[in-house]
Amino acid sequence: MKGNIMGAKADLERTKDRSRALIQAVKPTMKAFGGVSAAVKAAEALSNKEKEYIALGIAVVQGCDDCVGYHADLLQKLGGTREEFCDVLAMSIQMGGGPVVMNAGRALEIWDGLAG
């Protein structure tokens, strides 16, 4: 089933807008957070795509749809596939149990909406 294409893309844009506003509101904190992100991406043991899948799994278990959309978008740009995405959803369900089933369903809808 295809997700709501315009909804997922519009939600991602709202997430990005909120992030930009937050960056302006708390510049020192977000600059420091950006430094952590840059350091993580600089480490080379895992590819950025693998790291994004880890972030996705955490976002699904935590139930953060905004994070799922952000990382799904990056994964699609990095060549991630729906099959890989679903493997991460399955692992998230295994680790998180029943409540994560609901989060994973929303995550798949977001992926499909962004892929549209």
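The volume is the space filled by probe spheres set on the points, which are joined across faces, edges and corners. Of the 24 residues that line this largest pocket, Phe 33, Ser 37, Lys 41, Tyr 70 and His 71 are the closest to its centre, a lining residue being one with an atom within 4 Å of a point. The elements that contribute two or more residues to the lining are α1 (5-25), α2 (27-42), α3 (48-62) and α4, with helices taken as DSSP runs (H or I, at least four residues) numbered from the N terminus. The largest share of the lining, seven residues, comes from α2. By class, the lining of the largest pocket has twelve nonpolar, six polar and six charged residues, with Ala, Val, Leu, Ile, Met, Phe, Trp, Tyr, Cys and Pro counted as nonpolar, Asp, Glu, Lys and Arg as charged, and the others, Gly among them, as polar.

The second largest pocket contains about 220 Å³ of space, and of the twelve residues that line it, the closest to its centre are Gly 7, Ala 8, Asp 11, Asp 65 and Ile 110. Here α1, α4 and α6 each supply at least two residues of the lining, and the largest share, five residues, is that of α1. The lining of the second largest pocket divides into three nonpolar, four polar and five charged residues.

Helix α4 (residues 65-77) packs against helix α6 (residues 98-115) at an angle of about 45 degrees, with their axes 9 Å apart; axes are lines fitted to C-alpha atoms over the stretch in contact, and angles run from 0 to 180 degrees between N-to-C directions. That makes α4 oblique to α6, because angles under 35 degrees count as roughly parallel, over 145 as roughly antiparallel, 65 to 115 as roughly perpendicular and the rest as oblique. The crossing of α4 and α6 is right-handed, meaning that the near helix is turned clockwise from the far one by less than a right angle. Contact, defined as heavy atoms within 4.5 Å, joins α4 residues including Asp 65, Val 68 and Ala 72 to α6 residues including Arg 106, Ile 110 and Trp 111. By class, this contact of α4 with α6 has eight nonpolar, two polar and three charged residues.

The axes of α3 and helix α5 (residues 82-96) come within 9 Å and cross at roughly 45 degrees, so the two helices are oblique to each other, and α3 passes α5 in a right-handed crossing. Among the residues that make this contact are Tyr 53, Leu 56 and Val 60 of α3 and Phe 85, Val 88 and Leu 89 of α5. The axes of α3 and α6 come within 8 Å and cross at roughly 125 degrees, and these helices are therefore oblique as well. Val 60, Val 61 and Gln 62 of α3 meet Val 100, Asn 103, Ala 104 and Ala 107 of α6, a contact with five nonpolar, two polar and no charged residues.

Residues are numbered from 1 along each chain as its sequence is written, and side-chain values use heavy atoms, with hydrogens and water left out. In this predicted model local features need pLDDT of at least 70 and side-chain atom pairs count only at pLDDT 80 or more, whereas totals for chains, interfaces and linings use all residues.

Technical notes
On a 1 Å grid over the protein atoms alone, a cavity is a set of points where a 1.4 Å probe fits but cannot get out, and a pocket is an open set with protein on both sides within 12 Å along at least five of seven lines; lining residues have an atom within 4 Å of a point.
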